[in-house]
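Here are my notes on the charged pairs and the surface. Please read them with the structure open.

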Amino acid sequence: MSKQQLYRIYSGAEYPSRRSIYDGATSTIGQIRAYYSFSWPSGAPCHLVEMFLLDKARTHSTNPLDGGTIRLYAAQLSHLVRFCYKHKVDFIQLSHSDIDALIAELACEQDVRGYRKRNNNTIKSIIGTIVSFLCWIQEKVFTQRPLIGVDTRERKHQIKLVPRKFRSPNGYAVSTSAFASALPNTTTTAKQPMPSAIREKIWEKLVDSKASSNISRKLQGTFSDRDQRDHLRYMHARRELQLILLEATGLRPQELVRIRYSDNVERLRQSQLAIPTLKRREHKVPYRVIPIDRQVAMKVETFIFIHRYKLIARLKRSGILTPLQTPSDTIYLSSETGMAVKPDAAYQEFRRLCASANLDQQSCQSMFRHRFITNMVKLHLIAFVEAPPCKNRQMMTESDYRTILQKIASFTGHKSANSLLHYIDLAWDELDAFSSIYDVKMLQDSMRSICFKINEFRAEMRLSREHTKYKLIEEFENKLSEIYEIASAIPKPNRAP
């Protein structure tokens, strides 16, 4: 049984105004982007955690869609709150042995397949947030109680920390304190690009899902048979576009649902897409404009001007949207309300797709981003290899790599090119697998177009009825002709691989 979530986000919460004791003037403290309410498993409010999250919101990112960094703190503190509730112990009554017991519970918890739910690094991150929370309680609330800290001769603490030193990325020595745990660091590797075999399984399952999808009973009672079929097409088209944009643009999963409709209507005609750039501290989310393949632009236009347009009209006819109500200014809209889709909804769509495909390997939306970035680096390396003076891997300099990564960062929304350094080795390793180098970009775009056309036809065949099969066969022959023309345009390698 899944555990009930203990926290909930509220958007647009404002600090109250205050009156100066000197001149009586009223001033507004400001506005935060989101506020978290937090409760115990019994449903009673957990005020100390709420106050801690509110304090952290002053210096850490929070937004109404995915909650930002504060959402991570809320999720990690949920483990402490459940532990205290289960063992009937208050925060200020916690002892060193309690934290050890919590670590043991986190390390032993398993998922439905019998694997550990979290590795050692994840547990250490959770304990780090808990330590920060307990230190905050000691500093802000129970200032006289020796709850947590490094022991001295004069002061002994209930939860004992040990001093630690580490070197920051800037090279500075930093002193801090941490909970001494017997858990060793887990050896982890960076996420790899989406493997082709996994990608194909996901696309195949997307095609199968069109025939097996259904709509809620509420909408079944509201929509006509034709509207229900159109609604299923919208839901499938939204899932399809989700994979297309993840694969073709390398955007972050959270950026996907925030792509604005008004920013892209004109740009799509020029084969461009404006994507909001997250992971920035600016109050107003910036965006980047990137060129996209014409086939991808046409897919987005089809979704906007056919599926999205019909959804809005359908929801207004059924009374779910009033005639004067304006849907959200995003390309993606909820099929139930016509409002913006939350990042978690898109995540759940992808998770269900992977689960139905019975994937044993790790698979997540961000792996499409890693695949895109790796391909981008490959293309730029090929340009260096082919252009005079025809450099090879041994001749490439740090300046060459910086030039490449700086260009790619403008596409991917990375603030620093240093974040892309590990993609250099991934790209060279993939290029070394080929004995000949040719126009990979054109080959990839052409094959992507073929896949889109085949998947589109297969999905329509699964949903269509018997009396339309002859028409579909004729359309299939036309699509095969288009595919043949695309395949004929693929450049041949100079020598056999």
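1. Glu301 and Arg294 meet through their side chains in a salt bridge, 3.1 Å from N to O. The term means a side-chain nitrogen of Lys or Arg within 4 Å of a carboxyl oxygen of Asp or Glu. Glu301 is buried at 13% relative accessible area. Arg294 is partly exposed at 36%. The cut-offs are under 20% for buried, over 50% for exposed and partly exposed in between (1.4 Å probe, protein chains only). Salt bridges with shared partners also join Glu109, Lys117 and Arg118 into one network.

2. This is a predicted model: local features need pLDDT of at least 70, side-chain atom pairs count only at pLDDT 80 or more, and totals for chains, interfaces and linings use all residues. Numbering starts from 1 along each chain as its sequence is written, and side-chain values use heavy atoms, leaving out hydrogens and water.

3. How many salt bridges does a search of the whole structure find? It finds 16. One of them pairs Arg317 with Asp227, with the closest N and O atoms 2.8 Å apart. Arg317 lies in helix 9 (residues 294-317) and Asp227 in helix 7 (residues 225-249), so the pair ties together parts 90 residues apart in sequence. Helices here are DSSP runs of H or I, at least four residues, and strands are runs of E, at least two, numbered from the N terminus. Arg317 is exposed at 57% relative accessibility, whereas Asp227 is buried at 13%.

4. Glu255 forms a salt bridge with Arg288, the closest N and O atoms being 3.0 Å apart. Glu255 sits in helix 8 (residues 253-256) and Arg288 in strand 9 (residues 287-291), 33 residues apart. Both Glu255 and Arg288 are buried.
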